[in-house]
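Please keep the sequence and the coordinates at hand while reading the points below.

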Amino acid sequence: MEYRGNPVSHGIAIGDVYLYTPFQAEITEKTIGTDEIEAAVQAYFDLRTKAQAELAMIQEKLQAGSPDKAKIFAAHVDMLLDAAVNGEIETLIRDAHLSPECAIERGYSKFIRLFSKAKVLQIRERAADLRDLKTRLHRIWAGVPERNLSALEKEVIIAAHDLLPSDTATLDRSKVLGIVTEIGGRTSHSAIIARSYEIPAILGVPNIMAALRDGERVILDAVEGVLYTSPDEAACAHYAEKRGAYLAHAAELKQYRSAVPVTRDGVPIEVHLNMGSADPDELSGSLYTDGVGLFRTEFMYLSSPSLPTEEEQFQAYRKVALEFGQRPVILRTLDIGGDKQLESMELPREDNPFLGLRALRLCFENLPLFQAQLRAVFRAACYGNLWLMLPMVGSLDDIRAAKAVIEEVKEALRQEGITHNPDIPVGIMIEIPAIALVAELAAEEVDFASIGTNDLCQYLMAVDRLNPAVANYYQSYHPAMFRLIGQTVSAFSAAGKSIGVCGELGGDPLAAAVLIGLGMRKLSMGISSVPGIKKLITGLTIPQAEALAKQVMSCATADEVEQCLRAELGTALPAV
């Protein structure tokens, strides 16, 4: 059988399926008789022993490669054995005659509520650890084996309804051959991470979870967007050969990674890196790029069941700053909400989360969280060329409110005598059309801007970019997109302020040619897109790019734009 979807990260994989379904407990209130109490208490402590053994096994697996993650699970063991929590659960079994699973639910929930309301940030962070432990105990009680993407036993092709950013943040990428999901599009975070990790991925395959069996052999062709089940030996041999040819083409293209990104007529175009962590694999991109156009700080929050401390953030930002030296590193402040939910925080449930309390708006509502991050940034700025970027800015009011908080943080650091660099550029992401339309006013308030084309397209086209039912309405090549980008580039350039692109269009060779023609001289992208963009740049002239941009501006539809670009660029496009 074959199943079709959207090939969002190119490549070919042959392997066994790993069906990933996060566990969700369903608890029904249940009481027990007096004669059952001792057995119930013993059952709980037996359950706790099993959980402790499971945590110890995870610790052991992570210790060599990810000692920081191993520490998280060591802390979980301590909390699992906490006398107050265990005393509460035993009391609920003995005095309230609750069944063990009900006692766990009520007991842990009580401490989660208490910790969540604490004034001290470090105590509030422990609520997330307790939630994780509660889920683990419920899962073991239900007899469900753990499905954990951070410690996979062997190389697999992951199949899931969806992969949340919290799933991909802890992914053991060395064991993942490919990814297939039922929902998601090219600009979803699963797609962005897959491309960043160079993992072949097909998203938006309806009902694929019901069609697959755990452990069955499949072929994932993420060039054509097809998943084949029950392949025979001949099919496997054919796709093994096709995979070899694909990898050879990719290796040839990678030769452009080290190329100097200068157009044929001698105009330099800065190629920057989008990254989400200070891991060695991601930092290796510093060898081929002019800086970091987007450091997604939220992945520090998504990869851990507890909020990162100021010190932990400082160490991560410092590491990136030192790696890139005097090349700019743009740190985007916490951008959560929408499709990015945290284990470590209870975010509001909203009917329209992409239009709700997210990113900068959420930081304004959680000032201690925002302030801790800003303190870490200004401290780390002593070690390199850090820039600070604010996401989800919709008005000059947002900019001014954020700048007021920034000044308060700098003053607090000064009064505390803490070493920091207060003089770093502060800029904004342009992803809400309203701020793009007043770009000349915004340019007076900030030092730089970067266009987040994923959300800009989503809000401009009024389309949920993660909803496959309306995927055809998400048109990143719409002439209105390029017109709005062109106006924004002109406004910031006229003000003498730096402007770049850090959304997916920056790593798309077709779109990049137009962006250069519109005056953009800074493009940021995932490391996998760098060779293709450098190949395009070195084969392009500025007059050619400007002519392309002019043609695009006269097109009426997204299809017309794409056809025009493919016809004009031809062999300038990368081979893979």
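1. A nonpolar core here is a set of buried Ala, Val, Leu, Ile, Met, Phe, Trp, Tyr and Cys residues joined through side-chain atoms within 4.5 Å, where buried means under 20% relative accessible area with a 1.4 Å probe, protein chains only. The largest such core has 100 residues, and Y317, I428, I451, I485, F492, M520 and L523 touch the most other members. A second, separate core of 29 residues includes V41, A51, V85 and F111.

2. The model is predicted, so that local features need pLDDT of at least 70 and side-chain atom pairs count only at pLDDT 80 or more, while totals for chains, interfaces and linings use all residues. Residues are numbered from 1 along each chain as its sequence is written, and side-chain values use heavy atoms, leaving out hydrogens and water.

3. Just after α19, G496 has a positive phi of about 75°.

4. Eight strands (DSSP runs of E, at least two residues) form an open sheet of mixed pairing, in the order β1-β8-β7-β3-β4-β5-β6-β2; two strands pair if DSSP finds at least two bridges between them. At the edges, β1 (2–4) and β2 (6–9) each pair on one side only.

5. Within this sheet, β7 (residues 217–221) and β8 (residues 226–229) pair in the antiparallel sense over four bridges, and D221 has V226 in β8 as its bridge partner.

Definitions and conventions
Buried < 20%, exposed > 50% of the residue type's maximum accessible area, 1.4 Å probe, protein only.
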